[in-house]
Amino acid sequence: VWPFAVNSDGYGAVWLDGRSRKVHQLALEGRVPRPSPDHEAAHGPCHNRLCFNPLHLEWKTGRENAADRRRDGTHPAGEKNGRCVLTEAQVEEIRVVHAAGGVNHLDLAKRYGVDRSHIGKIVRKRARSCTDAWI
């Protein structure tokens, strides 16, 4: 586990060649060359952003890495997302209140501190609590 500096995403980092580099990526590059620029260093069994053990790392595309995070429950979706504004309970409440009638999208948006268009997406079941959590 990397005991020193971390970047804004919580990965171990060092300053190298005039820029910040992720330690786990450097560790994997030292063991296995990067197959292509589309590949990134992915954490395997430990899912620890501070781990730089090359035996826990492998090259994956961004899509493969995201699929692994979803499969393993480590993807920051829904309320785990740092940009999340509403809880899942609030989303359900918005749907119930809207279905009962009497409250328009603008009033719901003001009540919950989100944009009116987001309320529309929630009501139509095109969005959950966060702007990137589509269903």
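I looked up burial first, and found that buried residues (under 20% relative accessible area with a 1.4 Å probe, protein chains only) make up 30% of the 135 residues in the chain. I note that this is a predicted model, in which local features need pLDDT of at least 70 and side-chain atom pairs count only at pLDDT 80 or more, while totals for chains, interfaces and linings use all residues. Residues are numbered from 1 along each chain as its sequence is written, and side-chain values use heavy atoms, with hydrogens and water left out.

I then went through the fold, where I counted 5 helices and 4 strands (DSSP runs, H or I of at least four residues for helices and E of at least two for strands, numbered from the N terminus), in the order β-β-α-β-β-α-α-α-α along the sequence. The chain is more spread out than a compact globule, because its radius of gyration is 20 Å, well over the 14 Å that the globule rule gives for 135 residues (taken over C-alpha atoms, the rule being 2.2 Å times the number of residues to the power 0.38). I read the span of the C-alpha trace along its principal axes as about 60 × 25 × 25 Å.

Last, I turned to His39, which lies in strand β3, residues 39-43, and is buried at a relative accessible area of 18%. The side chains of His39 and Ser36 are joined by a polar contact of 2.8 Å (a pair of N or O atoms within 3.5 Å; within protein, one must be able to donate a hydrogen and the other to accept it, and residues adjacent in sequence count only if both atoms are side-chain atoms). Setting aside neighbours within four places in sequence, I found His39 in contact (heavy atoms within 4.5 Å) with Arg34, Trp59, Lys60 and Thr61.

Key:
Buried < 20%, exposed > 50% of the residue type's maximum accessible area, 1.4 Å probe, protein only.
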